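Q: I am new to this structure. Please show me how to read its features one at a time.

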Amino acid sequence: MSYLNPAEAAEKLEIGYKSLLRLLKSGVLTGAIKVHRSWQIPLKAIEEYKASLNIPEGYLTIAEIAEQLNLTELWVGRLIKRGTFAGAKKHRGSWIVPSISVEEYIQSSSSPEGFLSFREAAEYLSVGESWIRKLVLREILSGVEVINGVRYIRKECIDEYLKSISPPEGYVSAAQAAQELSLSKTAVNSLAKEGAFPGAKKQKIPYHHAGWVIPVESLREYKESRSFPSNYISGTDIAAQLEVSKAWITKLIRTGVIPKGIKHNNEWIVPTDEANRFIERERKRQQSTPLELFEFRLAELDVPDTLQKTVALYREFVTLKINSSQGNSHTIHNQALEYISTLKRLFRLLNTEVFLMDAEQLEIIFRSAEMGIRDKRTFIYFLEFCTGKGLCSYSKSYAVTPLPVEEREMYSPEQFLAYYNYVRDVDIHIEQAIQSRDYAVTWLYVLMHVIDAWRPSDIVKMPNIALEACNLQTFDQLRETKITQEQAQAVINHLYKRVERMYISKTGALGHFLVNQDMIVPTATVLVITEIHRRIENDKQLVRLGRRRFTHFEKKSIFGYFSISVRILLISKVGK
């Protein structure tokens, strides 16, 4: 028999949680049971109850009215009991209201002068209506009055609240600074973290995300310091346009990948034409197919005259490998770059066409310190491809074999349990995860290996989280009270449904997201924290790797849990 948790049941019945509890307590939903202090409701009972309603034509339920009026079901119930809706009556134990009464109520409920409805207040502050209700509930937003059965907020109180969350005098918000500097808000936040604006600080507002506020004078000084010849562009601006780290761009300028860079007022600047060429090339790389990326990078190489036919064969080999790969686009893009890296190494090691080489020459290639395991594996596949075409014939066969079982790194059940308990200990990690998105991403990344052993390429595809599933929106709420089992289960169920429609990189099969009972709260906690970080940074991706700093857990031996290859992937992806 299929069961639903309360959140799923309420969604299916289109009612609120409290209304669902009333149904459960009255015994209407037969077969409902409690498991670990959380209700589990048979799907059949839900369907039978929905079938029994049969609302008369021309009437609306409390849930439908609440949705239409943007009110809570509790508040609609109060309006009904006060006689606000003419013709309201009980039907099978629940209130129903003539739709014409609701229309009359809407027409007569325009906001009195000097007041705003909750919906109007939400539009005025550019937030959701649920956020207005939370501010009222916590008495942060005052001036609420009930007029003709409807709650309104004094406009002057809303203006006072708006003033309280505005930057202090002499400061501007990160959004205002971004507009002034023609940068993204994310780029300004990064500059503030790096200390580019002396005196910048986080403005702490109750039940709001702390945001950077920047002294007007610091912003002016920064703007002046960035003044340089008109035919140059700064490394900071290049990084902002490509949405990458400034440190990576600086490294490329220093190493000459972005040519003709010079230092000006402690800032790297590059001729505009060179910068534009690099930006165009990078954007083309980001938007191109894996095969186009390979061809693009291959065209940049100087092919030795002695290896022209080898490169033609290699291009044919790579085309076959990429077209037959079932990995996701991110993985195949990386493979295309790896094929180029291997070819560059072969250019330094080969002195004749590959089909003219003998076993002794190949032995030298394989023993070269320049050739890593991936290079050797790719080269072996390339040799097999050449042999299959009848162009090569070698006296030996080559393969990269795994280590014997007795030589592999192993860990005991006790070690695994120690790692498992460490990862699931919310108290150890929660504050550092709230303080740092890098830490939160690392925690989630490690946890996903522990509970489901996902591949890195699948972890980075994790869908974003609908925080409405658990009614948690800010770090302050997480600090005040831990996520309950019920809230955590709602998050897990939400992600489970989304992962069901996600294709796994290697097999192409649909995804799975299974969480042990004792991992539900830790997993939901880190997912919520990571999602809040994503929203603060206005990022489209939940698990952002590649541009983030590598974060060490205090218990460094946690990395003993992973195989060498997984540890290398973790460090390389999180630590770029």
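Q: Which residue forms a salt bridge with glutamate 338?
A: Side chains of opposite charge can pair when their charged atoms come close. Glutamate 338 pairs with arginine 374, and their closest N and O atoms are 2.9 Å apart. A salt bridge here is a side-chain nitrogen of Lys or Arg within 4 Å of a carboxyl oxygen of Asp or Glu. The pair links distant parts of the chain: glutamate 338 sits in helix α18 (residues 329–349) and arginine 374 in helix α20 (residues 373–388), 36 residues apart. Helices (H or I, at least four residues) and strands (E, at least two) are DSSP runs, numbered from the N terminus.

Q: What kind of model is this, and how are residues numbered?
A: This is a predicted model, in which local features need pLDDT of at least 70 and side-chain atom pairs count only at pLDDT 80 or more, while totals for chains, interfaces and linings use all residues. Residues are numbered from 1 along each chain as its sequence is written, and side-chain values use heavy atoms, with hydrogens and water left out.

Q: Is glutamate 338 buried, partly exposed or exposed?
A: Buried means under 20% relative accessible area, exposed over 50%, and partly exposed in between (1.4 Å probe, protein chains only). Glutamate 338 has 32%, so it is partly exposed.

Q: How far apart along the helix are arginine 535 and glutamate 531?
A: An α-helix has 3.6 residues a turn, so residues three or four places apart point the same way. Arginine 535 and glutamate 531 are 4 residues apart in helix α27, about one turn. They form a salt bridge, with the closest N and O atoms 2.7 Å apart. Arginine 535 is partly exposed at 34%, whereas glutamate 531 is buried at 0%.

Q: Where do aspartate 273 and arginine 277 lie?
A: Both lie in helix α15 (residues 272–287), 4 residues apart. Aspartate 273 is partly exposed at 45%, and arginine 277 is partly exposed at 44%.

Q: How many salt bridges does the structure hold?
A: The structure holds 20. Salt bridges also link Lys193, Arg437, Glu537 and Asp539 in a network.

Q: Which residues of α22 are buried?
A: They are Val426, His429, Ile430, Ala433 and Ile434. Seen down the axis of α22, these buried residues fall within an arc of 125°, so they line one face of the helix. The arc is that of the directions from the helix axis to the C-beta atoms. Their cover includes α21 (413–423), α23 (437–451), α25 (475–480) and α27 (520–536). Contact means heavy atoms within 4.5 Å.

Q: Which exposed residues does the face of α22 turned away from its buried side carry?
A: That face carries Asp427 and Gln435. Glutamine 435 has a relative accessible area of 57%. Leaving aside neighbours within four places in sequence, glutamine 435 is in contact with Arg479 and His533.
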